[in-house]
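Hi everyone, thanks for coming. Let's take a few minutes to walk through one structure together, starting with a sheet and then moving on to some rings.

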Amino acid sequence: QQIQEDLNKQLFDNLVSFLRRSHSEFQEKKTEWTCRMKSREIPTAALVLGVNVTDHDLTFRSLSEVLQNNITPYIALLEAKDCPGIKNLVQKLMGQLMNCYIDVDSLEDEDYVQVSQNRVRCSMTSLINWYKSVTKKTDSGTPNKKRTSSSRHWQSPPVVVIFKDMESFTTKVLQDFIVISSQHICELPLVLIFGIATSPMIIHSLLPHSVSSLLCIELFQSLSCKEHLSTVIDKLLLTAKFPFKLGEKVLQVLINIFLYHDFSVQNFIKGFQLCIVEHFYSQPLSVLCCQLVDLKKRVNSLSHHQCENIRRLPSFRRYVESQVSENQIALLTADDFLKETVQKLLEDLHVYHENYVSVLRCLHIFTSSLPKYPLGKQIRDLHCTCLENQVWETKEYESSLQLARMLNKSDLVTMLQQCVEIFLSSSGKEFDKTIEKLKEFLTQFQKLEAEAFQEQDVSVSSQKELQKKTDLYHLQKTLLELKESRRSKKLTKFEMLRFEVVDYIDSLVRNYLVPAHHKTLHEIAYFNTASVLRGHLNAAPRIALHTALNNPYCYLKNQALQSDGGSISNKAPDICIVYKLHLECGRLINLVDWLEAFSTVVMAVEGSNAEAASSDEVDDIIHARFIRAVSELELLGFIKPSKQKTDHVARLTWGGC
Amino acid sequence: LAKKNKEDKMSNLVEEYFEAHSSSKVLTSDRTLQKLQKRRLNQQTLHDLLKKAPLAYAAEIKELNQQHECLFSKWMLQLHLGFNVVLYGLGSKRDLLEKFRTSMLQDSIHLVVNGYFPSITVRSILNSITEEVLDHIGTFRSPLDQLEFIIKKFKEDSSLELYVLIHNLDSQMLRGERSQQILAQLSSLPNIYLIASVDHINAPLMWDQAKLSLYNWLWYETTTFSPYVEETSYENSLLVQQSGSLALSSLTHVLRSLTLNARGIFRLLAQYQLENKDNPSYPGLSFQDFYQQCREAFLVNSDLTLRAQLTEFKDHKLIRTKRGADGVEYLLIPVDDSTLTDFLEKEDEDA
């Protein structure tokens, strides 16, 4: 758990810093802009932030921090849910501004009390009274404050009001606020910032012309969430820094949730967090999932029981089977020997990770420039395919290699240079040779360039020769020769070299991009149970209900319930019978018929059991059970009472579900 | 391929929908519960009867529950890590949550919210937090203020921890947008741990992205198959006798205490209403006509007595008056026709 928290913290720090960085540029632009706009009417910044509403919190928080640090303004953050009316809005705004003000200037306590009283009074008055007083207040209250503070600051700082979610504000409130504040703009320099999730069109559809003409709007675009995702993946998954890794299926699930459901980086992080929790909770050997520094200590402190656990791992079994028999025995019996081996293996795993990342990036450089992107445009696609299977066996890899063999030289050279850079930056030791090799390639290319010039000269001279000879027979002969030579043309040196390079990359891939689950002891670092994750994050309550009602055998392991699909089993729980009967109906269900059908089904069991009880009482009990089942279905939302016809209920679902 | 399959499935679903809703006319039999010669059960007898009926598959259900109980410690861990747990699946999750409460939360401050209770409101939840947990006496102007106060308190005092268990988060009273927003904000506090259960098939429709991220749910499927005893006891089902509407027994009770003539007047009105029951535009009997008929039957002798009589009926909610488009007063008995028929039959027997 300790490790886990550490990891979480690390992860979050990383993420936050990344987000900061990605926004900083954008924010700088904005701060500059707010400074500039100070003296005009109502300046407004519209931030187009994309539909991932959940991520915006961080953006705004860091934005207000940056603004605050640059001393310019007092900032109020307004959310739509706090401002159902203009009254609440102004109340909230005042409260926040005054708090801001106090934060910045750190006034004495007396003033604070006064301020809070002020606020209470402002909201206690009814709306009309408030409206009268607000003119007074905005006239005397806020501008006063502005004046007092502005005397202290070198310039009158603007007051920034951030509307976090523009779309969910009621138009009336927004319009009123804008109109009101525009009247006081000369005394109280306001700057509005709208956070827009959809598109800037929304401003014009929300605000009529008379209102939007009061604003001076400038648009700002934020980074798209996809870019965020790729950076996050880059930072979190494709580093050797974190010992914890995601398996292919899990990663796939997370990416799918992101791309097909919500575009929310926050949720992606949440999923990742959940993976960590699950992994460290369920896998007893996850203690070994740590930095290389702590590894030795932890391996040595393993108990016998944990050693047994290691022996039970399927990947370790494979490893043992590949060893010689003496080693096998030692591994399976002696704990100390096991610990040594495990340590070595884990170090191997670590090295593998380091190499993996850099080779992966290399491969990505090659494949991402190919037409049609056979292996995917993003590095995450490549990562997934590499994790899933041996990448060189896939058809896509085959085709991309073929395409790579047709690359032109300048591309190839730049790619090679990029690869060299990657290898240089990676800490893996094994790449010295690779770098050398790649550099050699590069120099060869440079040589080639020189040679190419010569070749060109040669060809030019041959053409000159051609022009010299005027004899028809000779001309024909030489032409034929030329043709032949072209047909059986030897590969140029460049082409040879190109093949060589591609082959070399291929070999690199084969050596280093072995999928993780072929490695020994990968279970320690990789979290691979995607079903758990999907169940917790992307649950389908309707499906669960459907299976439970349709096929109770899934849950209640009783032989009597095992049925062959479609038919209505009379031994199922009451609610299942009622549900199945209701599935056969149309839009409206007659309660009487339903009850009768139910009692026929149930009576079939009852009759076979015993006819001892008086039929009347049995009838009543069945009736009661029916009532219970129907009201349960109503609670679950499958039916609702209908007024269209007496004693009918309406079905709210359709089809088989 | 999978995508194509999905598309197929989608179009199938769409077709199924239109199939279900294509014909405005629905063919069902016209039988009603009234015709079924059986007394309506009331809440109490229903309860007694159900007690007699044995619960099927008790052993298997118990096993299921034990499986879920294994997760308790995991829930605790995840709650502490900032997630909130939501339970879904068929069957009442009340007992399970109750068990969780008794086994895990004995020593800590916790709040149980019975969402299925028909008069629960967010306000009462917030009140119980401020009054019981925070020991704050005083009223708030709006739930938003109250929420703000709670958030402030919890942020100030990091040692304050609160477990909130909500049975049926999707119940009628709590499913509103405002209440969900407030609950979501509550649950997003790091020191408040929320466990909730949902039952309705459309429960996830309550939440948009923002609320989902505030809630930070972890979904757990806990299908228990146990009956919804508490949950449905508040749901007035169609089949259970409704106490709100006028029932036959009360009708006869009131009329027994009236004079012979008064009973005759009511009878007359009832008969007239039954004769016109197939006419959907029947507005009721106008006062003038009614007076005429009563006079002919020697039930009243003046306008005034009839009015006095009708006032008495009105006080007992036996009749309702309605002004028509032409300004004339029409009289109606607000009882369904079948009860009225029963009533007349019984009267005939008595007579």
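In chain B, 3 strands form an open sheet, in the order β6-β8-β7, with antiparallel pairing. Please keep in mind that this is a predicted model. At the edges you will find β6 (285–286) and β7 (320–323) of chain B, each pairing on one side only. What holds strands together in general? Strands of a sheet pair through backbone hydrogen bonds. Here, β6(B) and β8 (residues 329–332) of chain B share 2 bridges, and Ser286(B) has Tyr330(B) as its bridge partner.

Now for the aromatic rings. How many aromatic pairs are there over all chains? A search of the whole structure gives 20. Take Phe258(A) and Phe268(A): they pair edge-to-face, 6.5 Å centre to centre, with 80° between the planes. Phe258(A) lies in helix α10 and Phe268(A) in helix α11 of chain A, so this pair ties together parts that are 10 residues apart in sequence. Are these two buried or exposed? Phe258(A) is buried at 1% relative accessibility, and Phe268(A) is buried at 3%.

Over in chain B, Tyr163(B) and Tyr193(B) make a tilted pair, 4.9 Å centre to centre and 45° between the planes. Tyr163(B) belongs to strand β3 and Tyr193(B) to strand β4, so the pair links parts that are 30 residues apart in sequence.

Note on methods. Residues numbered from 1 in each chain as written. Chains lettered and ligands numbered in written order. Predicted model: local features only at pLDDT ≥ 70, side-chain atom pairs only at ≥ 80, totals over all residues. Heavy atoms only, no water. Pairing = 2+ DSSP bridges. Helix = DSSP H or I, 4+ residues; strand = E, 2+ residues; numbered from the N terminus. Phe/Tyr/Trp six-rings, centres within 6.5 Å; stacked < 30°, edge-to-face > 60°. Buried < 20%, exposed > 50% of the residue type's maximum accessible area, 1.4 Å probe, protein only.
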